[in-house]
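I would like to go through the cavities one by one and note what lines them.

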Amino acid sequence: MSQGIQPQSSAVDVTIPSVARMYDYYLGGKDNYAVDREACEELSKVVPSTQVLAINNRRFLRRVVRWLAGEHGIRQFIDHGSGLPTQDNVHQVAQQIDPDARVVYVDNDPIVLAHGRALLEENANTAVIQADMRDTDGIFGSPEVERLIDFDQPVAALFVSVLHCIPDSDDPAGLIKRVADRLAPGSFLVVCQLVSEDAATRDFVTEFMRVQTHGQWGRVRQAHELAGFLDGLEILEPGLLEVSTWRPDADLGPKQLTQEWIEYGGVARKV
């Protein structure tokens, strides 16, 4: 176990778009800057479904947390790449089912740390840490994780709409395996990422986001690649699919009018 999380910058750079702040803008949030909004507008010219995709991804997160807490009794969550707080955050959904549910949010964006701590300062069962989600040793060895998470009991590790931020050279499949190896049997991994079966879309978005974020990006992938990240885990029904169709509450969510890319994923269990 490492001696702690690698230091992260506490400075908010308002000249470079942030994935977390762009996502906040697409969800109708206010914690974003002109540079983030401009990047979103440019991106939407080529992939116009992006805002609806973001909304449906957030709805998926709410459903999956409610399902894990309500149907499987999960009371511990580590949310990797959590992004900025918004409505119905993981702890709010889980603690509606059990007020003692414990949640740790992990993000490398300093603005997430600032807003998250303000939101959670009166919630003893929830913490936010600023860390690179690839730093598994540092995250699992952090004081907040050690305080809140009992690794002898099942945990849900969330990687919701973040794996596309990890380049192939940093081995996203290896990250999932490292985390799964540390979890007790009966734990869950929730994964989804942006995928496209159109090479031109994959290439454009990957390069656009790489340039805009100054390299804080990985790759838009294909659906079969995500399945490979979960080798050795039991993929639960209904399997891996476009997330708005994963155990939908009702047919009320917004529909993507174009399918140039989708948010694709599901839930796996460590047996």
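Before I sort any lining by class, I note the scheme: Ala, Val, Leu, Ile, Met, Phe, Trp, Tyr, Cys and Pro count as nonpolar, Asp, Glu, Lys and Arg as charged, and the others, Gly among them, as polar. I also keep in mind that this is a predicted model.

Entry on the count. I looked for cavities of 30 Å³ or more, and the count came to two.

Entry on the second largest cavity. I find about 30 Å³ of space in it. Which residues line this cavity? I listed Ala 20, Tyr 23, Asp 24, Leu 27, Arg 58, Leu 84 and Thr 86. By class, I get four nonpolar, one polar and two charged residues for this lining. I then asked which helix gives the most to the lining of the second largest cavity. That is helix 1, residues 19-26, with three residues.

Entry on the largest cavity. Here I read a volume of about 110 Å³. Its lining has 16 residues, and Ser 82, Gly 83, Pro 85, Asn 89 and Tyr 105 are the closest to the centre of the cavity. I checked which elements give two or more residues to this lining, and noted helix 3 (50-72), helix 4 (90-97) and helix 5 (110-120). Helix 5 gives the most, with four residues. Sorting the lining of the largest cavity by class, I get nine nonpolar, five polar and two charged residues.

How values were computed: Residues numbered from 1 in each chain as written. Predicted model: local features only at pLDDT ≥ 70, side-chain atom pairs only at ≥ 80, totals over all residues. Heavy atoms only, no water. 1 Å grid on protein atoms, 1.4 Å probe; cavity = no way out; pocket = protein on both sides within 12 Å on 5 of 7 lines; lining within 4 Å. Points joined across faces, edges and corners; volume = space filled by probe spheres on them.
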